[in-house]
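Here is a short report on one protein model. It starts with a pocket and then turns to a sheet.

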Amino acid sequence: MAANGASADCALIMRNFPKSWMATGGGNEIEAKLRKLLSTFGLLTGPLEVTTNPGEPTTAFATFTEADAAARAVKALHGVDMRTAREKREAGGRAPLEEEKFWAKVGLPPSQEQSEDKEEPQETYLLVEGFPTSWTEAQLRMTFLAFGGVERLTYVPDKRYGRIARIVLKDPSEMKRAVKEMDNAKVGDGDVIEECTLSVKVTSAAVQKKEEELRKKQEEKAARKLYRADVRKRREEKKAKQPKEDGSEVPPAPADDGNSRGEEPPPPPDEEEEKEEPAKAARAKGKARKEAARKAAARFEEEEKEQEELRRQQEEEELAARAYAEAKAEQQRKAEEEANAEEKRKADEAKKAAAAAAYQEQLRLKAQAAAERREKEAALREAERQRREEKKRVWETHRMRTEEERQRREEKRKKAEEERIKREEEERIRRAEARAEAERKREEERQRKEEKMRKFEESRMRREEVRTRNEIQREQWEEECMRREEKLQRWVDEQMRIAAEKKRKQEEERRKKHEEEMRKWEE
């Protein structure tokens with residue numbers, strides 16, 4: 001797609017711009033002028049893209065909001081001569097070259113078209129589910145025959161249905177209608193084709209891949225959830241069993257009364273032995289309690305196993321008794337069904353015999369009625385044949401009179417057609433002479449205008465030459481004035497310098513004379 005995300009119908013590619021555009025301001029100038037030019041055809045979206053590569057023509061790319069605006073711009077601008085009047089005069093009135101004509105085309109730039117070509121199209125097909133395993137490929141093809149026929153059909157294994165089908169129709173535009181009519185629809189008559197409810201949807205390989213990945217993620221998530229629940233259950237059972245296995249309380253640790261911190265001296269060895277004896281007795285008592293608890297737990301587990309075994313044996317005996325009772329009831333039911341079937345068969349045979357006799361009588365009556373009907377129909381056909389013969393004779397007479405009338409009208413029409421052709425020929429000759437006269441007058445008028453234009457151009461060129469000559473003389477006069485002003489300025493500067501030098505010398509002489517008089521006065 002384009003840079004602005006527009007479609008190819010709204011995009012416009014342009015080349016061969018005027019030389020004045022290329023010389024004045026480069027890409028910015030071209031963009032401003034193109035925006036002003038294209039805004040007369042419609043609204044633009046986003047900035048214009050101007051590409052200038054060495055050795056390649058300058059190319060501009062614009063995008064309209066509507067495809068009609070781009071088509072109008074191409075119709076109005078493509079092939080227009082972009083030379084100025086002066087360039088046309090210098091070319092001597094020759095026809096413009098291809099690089100001198102404005103070039104415009106609706107479409108995307110080549111780089112973007114190549115990038116779109118590289119994208120692999122995803123094939124769209126129908127995914128059909130829910131049909132039984134008894135269905136064959138021919139039955140599936142016959143089911144979708146009303147939608148233009150099946151071009152390709154492939155089977156894919158499936159966990160729920162055993163297999164599903166991927167169907168590519170010959171007419172892809174019928175896929176939506178097929179989904180609308182066949183999705184959740186019951187198909188089959190139950191006799192020739194097994195009845196079922198189809199599930200039909202439009203999908204592609206990419207969509208199927210995404211759905212498969214999503215399904216796998218959901219299955220993994222559910223498996224992880226079950227695993228966590230199982231682990232949590234085992235942990236809870238383990239925690240519940242742990243106090244039963246211990247069976248006794250842990251003896252409390254002796255209280256710390258500050259002897260370990262060095263506040264009092266340690267007791268003598270005799271006192272330590274007296275304190276260790278109760279501790280040993282408590283440990284032995286705890287071990288005995290643990291052993292008794294372990295034995296009690298083992299006894300409890302054995303009793304539980306025996307009770308479980310008894311329950312299992314009782315359940316097996318109940319199941320065997322129930323199975324025996326069901327088998328006996330089934331045998332009685334089958335015997336009753338066989339007896340009922342035999343009675344029903346005999347009654348059906350008696351009914352069939354009575355129906356056969358009634359059918360034979362009905363056939364005889366029908367044959368007699370058919371013979372009478374055939375005789376009546378033969379008489380009616382003969383009368384109808386005579387009536388058609390009479391009608392055909394009358395129609396033939398009428399047709400001959402109509403044909404004579406048609407021939408007379410045809411001759412009259414031919415005469416009128418000849419007269420019309422003669423009048424049209426005379427009118428065509430007159431119009432051709434009028435067109436030739438008008439063309440001659442237009443040619444004379446064009447030559448007069450060209451002569452007038454030529455004289456005007458010569459007069460304009462003479463005026464241009466006079467203006468150029470006057471401009472050159474004015475520039476020379478201005479240069480002469482500037483030289484005179486510079487010379488006058490130099491003379492004024494020289495006079496001022498001489499006056500200043502003269503004044504300085506006078507001041508110097510006056511100062512020297514004053515110094516001489518002062519010296520003489522001092523003497």
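The largest pocket has a volume of about 430 Å³. Lining it are 16 residues, and those closest to its centre are Glu-129, Asp-158, Arg-160, Glu-212 and Arg-215. This is a predicted model.

What classes of residue make up the lining of the largest pocket? Eleven are charged, four are nonpolar and one is polar. Helix α8 gives the most to this lining, with six residues. At least two residues each come from β5, β6, β7 and α8.

Now the sheet. Five strands form it, and it is open. Their order is β6-β7-β5-β9-β8, with antiparallel pairing. At the edges stand β6 and β8, each of which pairs on one side only. From one strand to the next, the twist averages 35°.

| Strand | Residues |
|---|---|
| β6 | 150-158 |
| β7 | 162-169 |
| β5 | 124-129 |
| β9 | 196-204 |
| β8 | 185-187 |

How many bridges join β6 to β7? There are eight, and the two strands run antiparallel. Within this pairing, Pro-157 stands opposite Arg-163 in β7.

A helix also packs on the sheet: α7, residues 175-182. Helix α7 touches β5, β7, β8 and β9. The direction of α7 makes about 150° with that of β9.

Pocket and sheet share elements. Strands β5, β6 and β7 belong to the sheet, and each supplies at least two residues of the pocket lining.

Technical notes: Residues numbered from 1 in each chain as written. Predicted model: local features only at pLDDT ≥ 70, side-chain atom pairs only at ≥ 80, totals over all residues. Heavy atoms only, no water. Pairing = 2+ DSSP bridges. Helix = DSSP H or I, 4+ residues; strand = E, 2+ residues; numbered from the N terminus. Axes fitted to C-alpha atoms, helices over the stretch in contact; angles between N-to-C directions. Contact = heavy atoms within 4.5 Å. 1 Å grid on protein atoms, 1.4 Å probe; cavity = no way out; pocket = protein on both sides within 12 Å on 5 of 7 lines; lining within 4 Å. Points joined across faces, edges and corners; volume = space filled by probe spheres on them. Nonpolar A, V, L, I, M, F, W, Y, C, P; charged D, E, K, R; others polar.
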